[in-house]
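Here is a short note to read beside the model. Please keep the structure open as you go through the points.

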Amino acid sequence: MSTWLERQGSSHQTQLIATAILSGITVIGIVFGAQAIRRQVAVEDLKASIPSVDEPHDADTVPNFGTNSIRPLFSREDERAAALAQRAQQGDYDEELIREQLTRTASFLKPEGLSTLRSSFVIVIGLGGVGSHCTAALARSGVSHIRIIDFDQVTLSSLNRNAVATLADVGIPKVTCIRKRLEAVAPWVRWECFNEVWREDQGHRLLASWSGEEGRKPDYVVDAIDNIDSKVTLLSYCHEHGIKVISSMGAGCKSDPTKVYVGDISGSIEDPLSRTTRRRLRMLGISEGIPVAYSIEKVGPGKAELLPLPEEEFQKGGVGELSVLPDFRARILPVLGTMPAVFGHVIANFVIMELSGYPHESGGRTGREKLYESVLQGLQAGEVRLARADGEDVQGFRIPVSKDDVGYLIEEIFRGKSVLSGLPTRLALVRWRSSNDGYTPDRRWEGQKFSRLQLSDLVCMTKEEAAVHENKVLADRARPEDVYEAEVVALVARRLAEERAMDRYR
């Protein structure tokens with residue numbers, strides 16, 4: 001064995017191979033060592049570049065809703081447009097160029113109308129299909145102070161309806177995208193961008209005066225939010241604080257642009273989002289006085305519907321976690337890209353007409369106040385008759401139902417129609433079932449006696465139907481199931497279940 005090793009060690013070929021291996025090992029060590037040194041230097045440089053918290057520095061915070069706070073990269077064209085916009089917003093822009101760009105608007109609104117529009121301050125909340133088109137139209141028309149609020153980022157699926165976003169904008173905040181693109185169109189427009197969610201407890205800040213101009217309050221707020229809770233709190237906040245607001249109802253699953261209207265929220269129909277919003281607002285004592293853009297297009301066979309999540313997602317559990325934010329929709333909403341644009345331009349048009357003082361018409365309020373009063377009086381009289389038939393003293397007898405409650409039940413729960421015949425005229429509210437405890441007034445509070453009636457006890461019928469129902473069911477203590485067809489009983493059950501579900505918002 002030793003002889004073999006001595007022979008191999010003295011071999012010239014073996015010596016060359018050993019030398020090559022040692023040389024390779026040496027080179028690899030040098031390379032890895034150099035790379036390690038470079039990494040160490042880079043790490044030290046990076047650490048040195050990070051200022052301490054006590055030093056003045058520029059840094060972005062990460063929002064609590066998880067969007068990326070890294071500043072987007074701008075193209076050279078974007079940088080040139082931003083530089084021009086910065087000069088224009090500081091007054092370094094030829095006024096003649098602005099007048100020339102807005103000449104068609106001026107000829108329509110007249111100089112005084114355009115002047116008022118240019119001095120206006122509008123806030124747009126929600127920059128999806130509706131909000132982005134509305135914002136673009138306002139900027140192009142001359143509104144000079146625009147505050148935009150949205151927490152979300154541009155996605156591939158939103159490019160079918162966003163007014164200005166391109167593939168290059170995917171992944172950046174919508175507020176950044178809107179401002180960047182529209183600064184290249186109207187550089188003189190001043191912007192305030194809030195990359196965050198609308199929250200009622202931040203309303204004093206998000207709807208505050210224009211920065212640096214105390215007292216310059218918003219002239220109009222555009223609600224383009226698609227989340228019910230956020231929408232309701234925004235509309236309620238504006239209503240309570242006297243801020244003019246217009247709200248967009250649902251553009252999803254709609255396809256007919258000729259069916260889009262602006263009118264008071266009390267008159268909006270055929271729109272599930274509008275119905276739910278109205279119900280929630282009525283719970284807060286707001287039944288009218290808010291203009292909305294809505295569609296009267298009816299659903300029908302073959303038309304788009306809200307798509308359910310795949311069954312496998314439900315099997316995984318935690319479906320709510322699929323929403324971008326808690327309480328935001330997780331289901332798939334089919335949207336034809338043209339319809340959000342129509343809604344956005346309809347809203348922008350309304351705001352422009354309002355701000356400039358241009359004569360215009362929109363759908364008014366329902367004008368059904370007298371109906372509600374009549375129904376309330378009829379309900380009161382019916383409860384008195386039932387209590388008197390039980391031998392009760394009805395002097396000073398009252399019912400715990402208001403005119404607003406009547407409007408809510410008729411319009412939102414029973415869709416303005418009788419549960420029996422479907423007729424929409426000569427309506428009345430009446431108990432559905434007889435009371436197991438009779439119709440004895442509640443006397444728990446001295447000096448007061450009132451019916452134990454609850455809203456979930458009532459159904460909508462015509463006056464004639466209600467009179468027959470009172471005799472056959474309420475007075476004779478009969479079961480509705482023994483009097484009416486199964487379809488009617490099932491319809492009433494669904495409607496009353498809706499009322500009980502909505503009661504949690506009272």
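1. Source. This is a predicted model: local features need pLDDT of at least 70, side-chain atom pairs count only at pLDDT 80 or more, and totals for chains, interfaces and linings use all residues. Residues are numbered from 1 along each chain as its sequence is written, and side-chain values use heavy atoms, with hydrogens and water left out.

2. Main core. The largest nonpolar core has 47 residues. Such a core is a set of buried Ala, Val, Leu, Ile, Met, Phe, Trp, Tyr and Cys residues joined through side-chain atoms within 4.5 Å. Buried means under 20% relative accessible area, exposed means over 50%, and partly exposed lies in between (1.4 Å probe, protein chains only). Elements giving two or more residues to this core include helix H5 (103–118), strand E1 (121–125), helix H6 (129–141) and helix H12 (338–356). Helices (H or I, at least four residues) and strands (E, at least two) are DSSP runs, numbered from the N terminus. H12 gives the most, with nine residues.

3. Centre of contacts. Which residues have the most contacts inside the largest core? They are Leu-138 and Val-351. Leu-138 touches Val-122, Val-124, Val-143, Ile-146, Ala-348, Val-351 and Ile-352, leaving aside residues up to four places away in sequence. Contact means heavy atoms within 4.5 Å.

4. Second core. A separate core of 40 residues also exists. Among its members are Ala-387, Phe-414, Ala-428 and Leu-453.

5. A loop residue. Ser-119 sits in the loop between H5 and E1. Ser-119 is partly exposed, with a relative accessible area of 40%. Ser-119 touches Ser-144, Arg-216 and Asp-219, not counting residues up to four places away in sequence. Ser-119 and Leu-355 are 236 residues apart in sequence, yet 9.6 Å apart in space, C-alpha to C-alpha.

6. Helix H7. Seven of the ten residues of H7 are buried. They are Lys-174, Val-175, Cys-177, Ile-178, Lys-180, Leu-182 and Glu-183. These buried residues pack against helix H3 (76–89), H6, E2 and strand E3 (190–194).

7. H14 with H17. How are H14 (residues 403–413) and H17 (residues 486–502) packed? Their angle is about 125 degrees, with axes 11 Å apart. Axes are lines fitted to C-alpha atoms, for helices over the stretch in contact, and angles run from 0 to 180 degrees between N-to-C directions. H14 and H17 are therefore oblique to each other. Angles under 35 degrees count as roughly parallel, over 145 as roughly antiparallel, 65 to 115 as roughly perpendicular and the rest as oblique. Tyr-408, Leu-409, Glu-412 and Ile-413 of H14 meet Arg-495, Glu-498, Glu-499 and Met-502 of H17. Four of the contact residues are nonpolar, none polar and four charged.

8. H14 itself. Nine of the eleven residues of H14 are buried. After H14 comes Arg-415, whose phi is positive, near 55 degrees.

9. H13 with H15. Helix H13 (residues 369–389) and helix H15 (residues 463–475) pack at about 20 degrees, with axes 12 Å apart. That makes H13 roughly parallel to H15. Ser-374, Gly-382, Arg-385 and Leu-386 of H13 meet Lys-463, Glu-470 and Leu-474 of H15. This contact has two nonpolar, two polar and three charged residues. Ala, Val, Leu, Ile, Met, Phe, Trp, Tyr, Cys and Pro count as nonpolar, Asp, Glu, Lys and Arg as charged, and the others, Gly among them, as polar.
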